[in-house]
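This report looks at aromatic packing, and then at charges over rings and a sheet.

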Amino acid sequence: MSDRHSGDSNRSPTRSRVFRLTTIAASGLGSFALALWAVRSGVGGIDGIPANIVAGMIAALCALAASFAAMSFFAGVDESASWVYRETQFDKLTGLSTRAAMVGRIAEAAAAAIGTGRPVFLLDIDIDRFKHINDTIGYSDGDRLVHAFAERLKEILPREAEIGRISAGEFAVLIPDRPDLGSMDAFIGRIYERLTQPYQLPSHLQSVNMSVGLVAIPKDGTEPVTLLRRANLALQHARGGGIGNWSAFHEQMGRVADYRQWIESELHVAFRRGDFELHYQPQFDLSTGRTVGYEALVRWRHPERGMVPPGEFVPVAEETGMIVPIGEWVLRKACEDARFLPQDCFVAVNISPVQFMTRDFLSMVSGVIASTGIDPKRLELEVTETAMMQDRAHAAAILDALSQMDISVAVDDFGTGYSNLSYLVDFPFKKLKIDQSFVRRLESDNNSGAVVSTIVGLSRALGVRTIAEGVETESQATLLKAAGCQVGQGYLFGKPGPLVMRDGRLEPRHDAATVH
């Protein structure tokens, strides 16, 4: 591998001296031949100067002009080529290779690894939350941080390592396998320890964290773009495991990424094609056993692949923004279907954090209510703690407006989000929904029972109702009822199902159970 510090113009393509001299001589001879042609064609003298002398002067001037033109041309070519090379191959801020240059370096490393049998590792090193850091400290200090990070990276890596800056706070490193590296876990641990030490910026000390993805060449491939993609997949997998992690690529990551890409590309088509449908799951009053509401749950029925689980397509829809049109369709469809539900039952609709924080959320909700004619008191919106805590002032304004519209709001998945519960006092809502993770452990874990009892007691103090999701057994229902929980939802009472025609009318399909 080449020395990573030789990022200067001496690597740029140049014309050899022999080529330059040959070109200049050819230009001169061509001009001289043109002058001789002029003599033979009878070019006359000037003021008594013989014609042959005039022709010679013309030839000499032509040769001189051609020589200067040739030199100027090739000097310009070399200068332009050198400039283009530097612009495309070397990062201005750090002096490291650019992404385009690293593609070439990876190709060379792959060829060498195949030829020698000596593996090469490609590391994708990314500063965690760099965009947030950059926005917070300003772009100038952000550039200083990147430069300092790059300099520290150069210092701690072996000299034969190739380093490239492939995005704002992301670096690619090519390093051959060598005995003194030790285990990869220990090697990356040493890198992490050094690179995450605070950086002195003009105004403050800046701390950073980082994540690392790794591929082995040629085991994980030899095509440069594919290797970069796989290193990034490993990086994303590491980041999903928490701060300061690293991960090596394995084939399952590629399959997951391909499937995610398929979902992302299909969502728009599915929405236009009308693949989505709503299923309804009943919510039961634990004291009376009466159905009091139905939660609308979106389902994707693909014409070729069948049902795509919500847990697989909803996160992608949130990341891509498709959750906004899908969410509006769900709300509208649920309000339209409410006319087929018992009049003493409400319909509950989940609201994504992305959808909740859009500027026109309130106008969208009011527009749906007006166009469908649903009584607002029959509509309940389930909002997660995460959605409410993104912008507390904005969330409080939205919840106040919904309350004034007589729309009930339930805090979904309560107990799994923020430990700061002050929002319960600040925000108007009507119901706490106990997460199924606590319900599932009720029969075997006393701590879960204590958590449920605490949530129920808290809801009583706040004057709101509680509903437990994921109720699957009679024992769970009995324990929830004993704790004072009012409403239950889960397979014990009925699985989600579509509206079906029964006795000449549409109604939710579910297998109800009697609660004792």
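Phe276 is buried, with a relative accessible area of 8%, and Trp300 counts as buried at 0%, where buried means under 20% relative accessible area, calculated with a 1.4 Å probe and protein chains only. The model is predicted, so local features need pLDDT of at least 70 and side-chain atom pairs count only at pLDDT 80 or more, while totals for chains, interfaces and linings use all residues. Residues are numbered from 1 along each chain as its sequence is written, and side-chain values use heavy atoms, with hydrogens and water left out.

The structure holds nine aromatic pairs, a pair being two rings of Phe, Tyr or Trp (its six-membered ring) whose centres lie within 6.5 Å, with planes under 30 degrees apart counted as stacked, over 60 as edge-to-face and the rest as tilted. Phe276 and Trp300 form a tilted pair, 5.7 Å centre to centre with 40 degrees between the planes; the pair links distant parts of the chain, Phe276 in strand β8 (residues 276-285) and Trp300 in strand β9 (residues 291-302), 24 residues apart. Strands are DSSP runs of E, at least two residues, numbered from the N terminus. Tyr259, Trp262, Phe276, Trp300 and Phe313 form one aromatic cluster.

Charges also sit over rings (NZ of Lys or CZ of Arg within 6 Å of the ring centre and within 35 degrees of the ring normal):

| Charged residue | Ring | Distance from ring centre |
|---|---|---|
| Arg305 | Trp262 | 3.9 Å |
| Lys495 | Tyr491 | 5.3 Å |

Elsewhere, an open sheet of five strands has mixed pairing and the order β2-β3-β1-β6-β7, where two strands pair if DSSP finds at least two bridges between them.

Notes. Helices (H or I, at least four residues) and strands (E, at least two) are DSSP runs, numbered from the N terminus. Buried means under 20% relative accessible area, exposed over 50%, partly exposed in between (1.4 Å probe, protein chains only).
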